[in-house]
Amino acid sequence: NAWIKKITKIERVISPDRKSQVIEIFAEYRKPAAWVESGGKCYLIDEQRVRLPGEYTLAERKASGRLMMITGVDLPPGDKGAPAIPVPSTSWDTDDLAAAMTLVPLLKDQPYVSQILAIDMANFQGRKDKLKAWISLETDRVASDGSPARVLWGRPPGKTTFYDISDGAKLKALGMLFVKYNRIDAGYDFVDIH
């Protein structure tokens, strides 16, 4: 069962009259940490990027509560050209998803998290445009071109270079935008904090 992380204890319990017995299994369960969107479907993963059971629609994802969504994950093609989604209980081992999961814990408890629709990894390592931010945050406001307004984050946490400000400074900038404008996108189509 992909929900079980590990079995911690197995016990046999015999009734006092010795006419019946029960096997009790104690386990540590995996907890969903984020959603991954690919091909119009949504998948749950835990903190170690292990895929959990189920395949969900975007509507089911929205109705389920508040876990961070990760989009733009690059997967090798599988059968019939569709992306090769890992099977439940296996690790989703891509560099872009690993990088996105370093950002999830930094954002999940921030007061503005409800404004973030997704962490977009489509340009990770500059695969679409070397001059643009590797990671962007899609907000819940629509930009003038009809796409979500964005906050350009830059490189993944812990991977900043001399021209990219620190993760703490980026979080501080988001906090200041939120306090001043009540929006992390400040009401613009995009805000560049990297």
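Strands here are DSSP runs of E with at least two residues, and helices are runs of H or I with at least four, both numbered from the N terminus. Your model is predicted, so to speak of local features pLDDT must be at least 70, side-chain atom pairs count only at pLDDT 80 or more, and totals for chains, interfaces and linings use all residues. Residues are numbered from 1 along each chain as its sequence is written, and side-chain values use heavy atoms, leaving out hydrogens and water.

Start by selecting I25, which sits in strand β2. At 54% relative accessibility, I25 counts as exposed (over 50%; buried is under 20%, partly exposed in between, with a 1.4 Å probe and protein chains only).

Next, go to β5, residues 68–71. Both faces are covered: M68 and I70 are buried on one side, M69 and T71 on the other. In a regular strand, side chains alternate between the two faces of the sheet.

Strand β3 (residues 34–38) runs parallel to β5, joined by three bridges, and A34 stands opposite M68. Strand β6 (residues 116–120) is also parallel to β5, over two bridges, with I70 opposite I119.

Finally, centre on I70. Beyond its neighbours within four places in sequence, I70 is in contact with residues including W35, L97, V104 and M121 (contact means heavy atoms within 4.5 Å).

Technical notes: Two strands pair if DSSP finds at least two bridges between them.
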